[in-house]
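This report describes one protein model.

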Amino acid sequence: MTGDLILKLVSEHGPWAMLVFYLLYRESQKDAATREVLNKNTAILIEMTTMLRDRIPASNFGSFR
């Protein structure tokens, strides 16, 4: 954001407008961090499932395989 745009927003709409944009920005950062953690957890679970399927004989899985 340029300085002129920030000054225009504050002068026309007051400081609450900047607060709203800041809170939206922080919320998007939290969402991105949560998405990243969930993706890592999913990758770990997939790897663990693959390891278990490789090590446990097929007869123990029954109809699951």
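## Confidence

pLDDT is the predictor's confidence in each residue, on a scale from 0 to 100. Helices (H or I, at least four residues) and strands (E, at least two) are DSSP runs, numbered from the N terminus. The mean for the protein is 84, and 86% of its residues reach 70 or more.

The model is predicted: local features need pLDDT of at least 70 and side-chain atom pairs count only at pLDDT 80 or more, while totals for chains, interfaces and linings use all residues. Residues are numbered from 1 along each chain as its sequence is written, and side-chain values use heavy atoms, with hydrogens and water left out.

## Make-up and surface

The protein has 3 helices and 0 strands, in the pattern α-α-α along the sequence.

Of the 65 residues, 6% are buried (under 20% relative accessible area; exposed is over 50%, partly exposed in between; 1.4 Å probe, protein chains only). The accessible surface comes to about 6,000 Å², and 64% of that belongs to carbon and sulfur atoms (Shrake-Rupley method, 1.4 Å probe; for residues, only the protein chains shown count as cover).

## Contact of H1 with H2

Helix H1 (residues 3-13) packs on helix H2 (residues 15-55) at about 125°, with the axes 6 Å apart. Axes are lines fitted to C-alpha atoms, for helices over the stretch in contact, and angles run from 0 to 180 degrees between N-to-C directions.

In H1, Ile-6, Leu-9, Val-10 and His-13 meet Pro-15, Trp-16, Ala-17, Met-18 and Phe-21 of H2 (contact: heavy atoms within 4.5 Å).

## Val-10

Val-10, in helix H1, is partly exposed, with a relative accessible area of 34%. Not counting residues up to four places away in sequence, Val-10 touches Pro-15 and Met-18.
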